Amino acid sequence: MREKELRFALICYGGISLAVYMHGITKEVWRLAAASRAFHDGAPLTGAGAVYGDLLAAIAARSNVQLRVLADIVAGASAGGINGIFLARALATGQSLDPLTDLWLDSADVDRLIDPDARPLSAATKFWAVPIAGWMMKKRGNAIDRTVGEGAQHEVRAKLSRFVRARWFEPPFGGETFTNLLFDAFDAMDAGPRGPVLVPGGQPVDLFVSVTDFAGHSVPLALNSPARVTEDEHRLMLHFREDSRTGARLDDVPGLVGAARATASFPGAFPPFTLRELDRVLGARQVAWPGREAFIRTQLPAGGESDPADRVLIDGSVLANAPFRPAIAALKQRPARREIDRRFVYIDPKPDYRSISFGKPAAEEAQLPGFLPTILGALSEIPREQPIRENVEAIEGMSRRIRRMQHIVDAMKVEVEEQVAALFGTTFFLDTPTVARLEKWRAKAQDQASARAGFAYAPYGHLKLSAVIEELASLIDRLLPPEGAVHQANPRLALWDEARARGLDRISGKRGAGASGDAIVFFRTHDLGFRIRRLRFLARELDTAVEATRDGRDPVCEDMREAIFTALGLYLDRQGDSWLADLDLPADAGPGDWIDAIAARRDLRAVDSEADALIAAGLSAMPKDDRRTLLLAYLGYPFYDIATLPLLQGEGFDEFDPIKIDRISPSDATAIRIGGAAAMLKGVEFNSFGAFFSRAYRENDYLWGRLHGADRLIDIVASSVTGDGALAGEELKAIKRRAFHAILDEEEERLPKVKALIDELRVEIG
């Protein structure tokens, strides 16, 4: 049975009080990942998890594909940022999201969020504001009458009255109040149940949180003249990672709280965030923060002489409501042990409903906007609603390059195999591969590939050289932080000067045939990228050309895969900063000193011998025909690389399959009802603050979040298998009905305010 991974990169939009709805969706993503892990571990499954397990079993029975589902990249802004943070931590640690649900339902309430200093002290506080609140709530056709059931109308009116009578011209919600609620949420997760980690061993989990740097920070910009200028950048992306290979952990709870508090600092509702606020809360809770200096160093940009603790951060969705870009960048260097179906899944809680609407009624939208709507739209609504077309086009461009690469590799395979076979003669396939033989065969294959490439080798070689120099320059920048903007450019210029002094600008040998002697020595000493690409290619060939021919799991193939990824780990370790962290070089060391010191510390020649030993042992245990297939791929890789690296513009992608994009929203989940956010969600009221005013609102939105999440996730999982192995439409409908009823059964006792809705849904689902 063929193994395949369906990997999610989740992009979570902002949505203000629709954070509760998004909690329902992200909880379903977590539940699906947990069900996939339990299904493959043979662990028992209950409730909605059992339905997801049955979905995977049905796919296996129909298509002969063992599908594993996981989420390993999460990026979010504002309300989506908060949910993304909790989801990423649950994926990386095995913690449960269940304890958060009661906190969302109880604590995401206007009475809990209002700053203690802003709460009306009595009914007489701001008595002159009572008529305003009364007019808002009593005018004909008001939102409360239209959308709130009789049982919740009194609650909403009372809370809206208190909210209107809170302080004006200052944010009504408390920053420290919000920060404390976030700490309570992490405490609840820590105290809750814990299961297995929901990503495979060695698989990193990347979390990106968008925030807005209110004052901005200077970034350098290279021009023709003047050569260097600076401009203010306000977008800021906080990055957290869990990676067992490097020791990175998603365990900096104060840092995660700070990120959640900052990304959701909606202008006007919450005060801006600074680390001073977090320090006060930590002091009051008597919680230490050992990672404070590391957080400042890695997450906050340098700001001249000012204290980073004073940097003002506000809502991330102001400038980056859909943080696709960092998620795309995270695709590089991700381990791939089997066939990958990579999906970018973005969660948009209201694609058909504006976050903020101060404009005219729909019937008058053709008229010019007035004075205030124009200002508010330009400052807040338009940046927040900016479409994602450029991100989608970037992903599609990447997918096109990957598809072209696949076609090129497939078209080259016969010719490359013939070239390699001709190089080594008939004894090539009879000899047992040893470390010495593999080393000799590799060197010969690389030399012949470069020589036979002719004039095509020069651009390929310069592309490789450029990648190595840029990697070294980035390393030096990180290990020896530049003192100023101008200094930042010097390492690259100096490294290129050193490369020219070493004759590396003449990349080709005599008469344009193959690499020069200097280039060969340099690449054998420094070219980590080629070695990593080759092993990933070998892993792919093992999956598609060898294991695909098996009827079941083959221990020999498993051992070979383990050998490949153990060898790959040797190189990946040396790619990380931690391998070079204690490199002892003076601040005035020249570029040549850096090049030689990095080469000595990495010692790639010695690693090559270790890797050859692992690969040779794995190959020796395989049947002769399979050994031949993998040897042809391993030794023939230089031929493939010369053809494909320029196509990929110097980037080596690890997941060699096109990327697909899916959306989860109320407009897409139509198995139960249609009509989008306006027809089902209560949080869209009051300019998307609605769910803060009613427990019934929050229960409604949370329940729809789970149902919509299940609806769309079942579609996405099923779409991973196409053709004859795809599940039939009626079978999918039956699975969805079971999932919906399981969710209602799980939530009915927890959601007493929406019992009538649950009863209606049971009838509609059937």
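Me: What makes the contact between the side chains of Arg 750 and Glu 747 a salt bridge?

Reply: The side chains of Arg 750 and Glu 747 come to 3.4 Å, N to O, and this counts as a salt bridge because the term asks for a side-chain nitrogen of Lys or Arg within 4 Å of a carboxyl oxygen of Asp or Glu. Salt bridges that share partners then join Lys 27, Glu 28, Arg 31, Asp 98, Asp 102, Arg 706, Glu 746, Glu 747 and Arg 750 into one network. This is a predicted model, in which local features need pLDDT of at least 70 and side-chain atom pairs count only at pLDDT 80 or more, while totals for chains, interfaces and linings use all residues. Residues are numbered from 1 along each chain as its sequence is written, and side-chain values use heavy atoms, with hydrogens and water left out.

Me: Which parts of the chain does the pair of Asp 109 and Arg 698 link?

Reply: Asp 109 forms a salt bridge with Arg 698, the closest N and O atoms being 3.1 Å apart. The pair links distant parts of the chain, since Asp 109 is in the loop between helix H4 (98-107) and helix H5 (110-113), whereas Arg 698 is in helix H27 (residues 695-718), 589 residues apart. Asp 109 has a relative accessible area of 4% and so is buried, and Arg 698, at 2% relative accessibility, counts as buried too.

Me: Where do Asp 41 and Arg 37 lie, and what is the spacing between them?

Reply: Both lie in helix H1 (residues 19-41), four residues apart, about one turn of the helix, where helices are DSSP runs of H or I with at least four residues and strands are runs of E with at least two, numbered from the N terminus. The structure holds 55 salt bridges.

Me: Why is Leu 313 called buried, and which residues is Leu 313 in contact with?

Reply: Leu 313 is called buried because its relative accessibility is 5%. Leu 313 lies in strand E5 (residues 313-314), and, leaving aside its neighbours within four places in sequence, Leu 313 is in contact (heavy atoms within 4.5 Å) with residues including Val 211, Leu 236, Ala 262, Phe 273 and Leu 300. Leu 313 and Ala 259 are 54 residues apart in sequence and 9.4 Å apart in space, C-alpha to C-alpha.

Me: What is the place of Arg 452, and why is Arg 452 called partly exposed?

Reply: Arg 452 is in helix H16 (residues 435-452), and the residue counts as partly exposed because its relative accessibility is 44%.

Me: What do the secondary structure, the buried share and the contacts come to for the protein?

Reply: The protein has 29 helices and seven strands, and buried residues make up 54% of its 766 residues. Among contacts between residues at least 6 apart in sequence, 80% join residues at least 24 apart.

Note on methods
Buried means under 20% relative accessible area, exposed over 50%, partly exposed in between (1.4 Å probe, protein chains only).
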